[in-house]
Amino acid sequence: MGDSKAKAEVVEVKAIEATAERFEEYGQVIEASPDGDEFGPQDAQLDLSRGIPRFYIMHIENRPLKFSTITHHASVTQCLGSVGGNVWYLGVAKPSIVDDYEVKDDTGGNNEIVQSHCGHFYVPPAVESVRVFRVEGSKFLKLNRGTWHAGPLFKADTMDFYNLELSNTNVVDHTTHNFKRENGVVFLIND
């Protein structure tokens, strides 16, 4: 699209409740389990092998139920959950990281493949691929490596979130797609 001054089309997306089954293409929904349970598939399957893990509480202000950018991290899984179990929302699209060997073997001239400023290759997410999940209660979301995400978003003025990623994720592993600039759309969450 290119012209950032043009009026963007508003795309309404209905929020769906985050359940393990509905979220599995993007990551995991992790819920409380009894103390003493052994590690298993119900636990967050993490990849923090490419750096120093960072677990912290993010204080976020003014994140209304709309977005025009979406981000992914190519080197790490990420976990997000609200402190206190308040309702929040996350826009997502499936991971679209392209392996280096696929780029080298791309004889078809796939013009959609883009190289991130972080070095890896990816295919930008399509407008129609974006989903929004509603999260409530004592659970958190584990995002697979490369899952596109917008948020956390919420109705309150401020919220605090647990966040597990790498210590330098937001410096060296932060690729953003701007739907307003590239596709002429802004997403509005319909709850």
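The model is predicted, so to speak of local features a pLDDT of at least 70 is needed, side-chain atom pairs count only at pLDDT 80 or more, and totals for chains, interfaces and linings use all residues. Residues are numbered from 1 along each chain as its sequence is written, and side-chain values use heavy atoms, with hydrogens and water left out.

**Salt bridges**

- Side chains of opposite charge can pair when their charged atoms come close.
- Here a salt bridge is a side-chain nitrogen of Lys or Arg within 4 Å of a carboxyl oxygen of Asp or Glu, and by this rule the count comes to 7.
- Glu17 pairs with Arg134, and their closest N and O atoms are 3.3 Å apart.
- That pair links distant parts of the chain, with Glu17 in strand 1 (residues 9-17) and Arg134 in strand 11 (residues 131-135), 117 residues apart.
- Helices (H or I, at least four residues) and strands (E, at least two) are DSSP runs, numbered from the N terminus.
- Are these two partners buried or exposed? Glu17 is partly exposed, with a relative accessible area of 26%, whereas Arg134 is buried at 19%.
- For these words, buried means under 20% relative accessible area, exposed means over 50%, and partly exposed lies in between (1.4 Å probe, protein chains only).
- Arg134 also forms a salt bridge with Glu136, where the closest N and O atoms are 2.9 Å apart; Glu136 is partly exposed at 40% relative accessibility.
- Which residues are linked in a network of salt bridges? They are Glu17, Arg134, Glu136, Lys139, Lys155 and Asp191.
- Glu25 forms a salt bridge with Lys94, with 2.9 Å between the closest N and O atoms.
- This pair also links distant parts of the chain: Glu25 sits in the loop between helix 1 (20-23) and strand 2 (27-31), and Lys94 in the loop between strand 7 (88-93) and strand 8 (97-98), 69 residues apart.
- Glu25 is partly exposed, with a relative accessible area of 43%, and Lys94 counts as partly exposed at 43% relative accessibility.

**Pockets**

- Rolling a probe the size of a water molecule over the atoms shows where empty space is left.
- On a 1 Å grid over the protein atoms alone, a cavity is a set of points where a 1.4 Å probe fits but cannot get out, and a pocket is an open set with protein on both sides within 12 Å along at least five of seven lines; lining residues have an atom within 4 Å of a point.
- Grid points are joined across faces, edges and corners, and a volume is the space filled by probe spheres set on the points.
- The largest pocket holds about 330 Å³ of space.
- Of the 20 residues that line the largest pocket, Arg63, Thr71, His149, Gly151 and His174 are the closest to its centre.
- Strand 13 gives the largest share of this lining, 5 residues.
- The lining of the largest pocket has 8 nonpolar, 10 polar and 2 charged residues.
- In these classes, Ala, Val, Leu, Ile, Met, Phe, Trp, Tyr, Cys and Pro count as nonpolar, Asp, Glu, Lys and Arg as charged, and the others, Gly among them, as polar.
- The second largest pocket has a volume of about 220 Å³.
- Its lining has 16 residues, and Leu80, Gly81, Lys139, Phe140 and Tyr162 lie nearest the centre.
- Strand 6 gives the largest share of the lining of the second largest pocket, 4 residues.

**The cavity**

- How many cavities of 30 Å³ or more does the structure hold? It holds 1.
- The largest cavity has about 30 Å³ of space.
- Its lining has 2 nonpolar, 7 polar and no charged residues; among them are His73, Asn144 and His149.

**Two buried residues**

- Ser82 is found in strand 6 and is buried, with a relative accessible area of 6%.
- A polar atom of the Ser82 side chain lies 2.9 Å from the backbone nitrogen of Asn86 and 3.3 Å from that of Gly85.
- Val98 is found in strand 8 and counts as buried at 9% relative accessibility.
- Leaving out residues up to four places away in sequence, Val98 touches (heavy atoms within 4.5 Å) Val103, Ile113, Phe121, Tyr122 and Val123.

Key: A polar contact is a pair of N or O atoms within 3.5 Å; within protein, one must be able to donate a hydrogen and the other to accept it, and residues adjacent in sequence count only if both atoms are side-chain atoms.
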